[in-house]
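Okay, thanks for coming, everyone. Let me put the structure up and we'll walk through it together.

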Amino acid sequence: MISEPSIPRTIEWVGGLDGHVLLVEQTLLPVELVMLECHDTGTIWQAIKRLAVRGAPAIGIAGAMGVVLGLRDDAASDRASFLDKVKEVCDYLATSRPTAVNLFWALDRMRAFAASLDSDDVVEIKLGLLEEAKRIRDEDAAMCRAIGVAGEHLIEDGAGVLTHCNAGSLATAEYGTATAPMYAAHAAGRRFRVYADETRPLLQGARLTAWELSRAGIDVTVLCDNMAASLMRSGAVDLVLVGADRVAGNGDVANKIGTYGLAVLAQAHDIPFYVAIPYSTFDRDTVDGAAIPIEQRDESEVRGGFGRLISPEDVPCYNPAFDVTPAALVTGIITDRGLIQPVTADRLCGVLP
Ligand code: MRU
């Protein structure tokens, strides 16, 4: 059992092949809930880049749907030139953001699916691609539900759960990854408190996690990122539960900048540190965390937060979007295929495709 998030679907396809993508414009939350219509690939690329749609699984779904938008009006009438165009559109969308492996996973899946269709009818291939993109969305919702089932028991009655960034419904098709056990525990009638790190510089925790959990009736409290250590020391945190943008073959975890610090703090306070992912976030081909590309974002996000200048214009700002937490600091990885604990390369590769 899992309670339904009381927010619109993060992303969906509306209509047939001539339809469009509808997504929650996340940059405006929590002030305004606005839905963004995307009718072309460029708008999807921009939406991913500027974090209108964000969170690893949601980026993958947006990429898959963006492929359909980029191909549906293509004039190619023969299979070979159409497949060339599929590659071109996938390559373009792959330049939007580098860290979340779900984007590349979804684009590879769309490309392989087009090539696998035994048809010379380009319209038939286009329709097949639309169905595949919708399947990627629906499968993600099912995987998140399965993560909820696998991780629900970790949240006991009266627990305090610290999370970082937004690995919620807004970051996936539905239910989220780190939030799925929370939604499941809530539906089971357990009472617990979620502490949401605000997550500087773009405040996904304060703006998005606090918004979606409070709308679902889950007890949530926002804290500034630099308050996590004292909160842990106070005894309020029983576990840390976060999502990931990419888990390397050895179990190292790339997630929102600040996650690594939380893992170090959790170890210092003897608090379990869990990561929740669908299998599409596991990248067995990337041997360890050092090989994961980390997105560097514009300095203005740090300098110009909160709608005003908060640091002198002539002082450089450091702004990596993600960091890497070594596998040794991760207590367990909650997946749609069950809980992997302890985290070793053998166990990960044994459970996940
Ligand atoms: O830059 P963002 O907002 O896309 O970063 C998102 C995160 O770091 C999430 O924790 C991660 O993608 C997991 S989402 C289920």
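This is a predicted model: local features need pLDDT of at least 70, side-chain atom pairs count only at pLDDT 80 or more; totals for chains, interfaces and linings use all residues.

Let's start with a quick one: where is the place of Pro342? Pro342 is in the loop between strand 14 (338-340) and helix 11 (345-351); helices here are DSSP runs of H or I with at least four residues, strands are runs of E with at least two, and both are numbered from the N terminus.

Residues are numbered from 1 along each chain as its sequence is written, and side-chain values use heavy atoms, with hydrogens and water left out.

Back to the backbone. Leu29 to Pro30 is also a cis peptide bond, with omega near 5 degrees, and Pro30 belongs to the loop between strand 2 (20-24) and strand 3 (35-38). Then there's Cys165, not a glycine, yet its phi is positive, near 60 degrees. You'll find Cys165 in the loop between strand 4 (160-163) and helix 6 (180-187).

Now the ligand. There are 18 residues around it, and Ala56, Arg97, Asp245, Asn255 and Lys256 come nearest; "around" means a heavy atom within 4 Å. By class that shell has eight nonpolar, six polar and four charged residues. Both domain 1 (11-145) and domain 2 (148-351) give at least three residues each, with bounds from an automatic or database domain assignment. Helix 2 (56-71) and strand 9 (253-256) each supply at least two.

What about polar contacts, meaning N or O pairs within 3.5 Å? A ligand oxygen is 2.7 Å from an N or O atom in the Lys256 side chain. For the Arg54 side chain, the distance from a ligand oxygen to an N or O atom is 2.9 Å, and a polar backbone atom of Ala56 is 2.9 Å from a ligand oxygen. Taken alone, the ligand exposes 420 Å², and the protein buries 100% of that (Shrake-Rupley, 1.4 Å probe).

Key
A polar contact is a pair of N or O atoms within 3.5 Å; within protein, one must be able to donate a hydrogen and the other to accept it, and residues adjacent in sequence count only if both atoms are side-chain atoms. Ala, Val, Leu, Ile, Met, Phe, Trp, Tyr, Cys and Pro count as nonpolar, Asp, Glu, Lys and Arg as charged, and the others, Gly among them, as polar.
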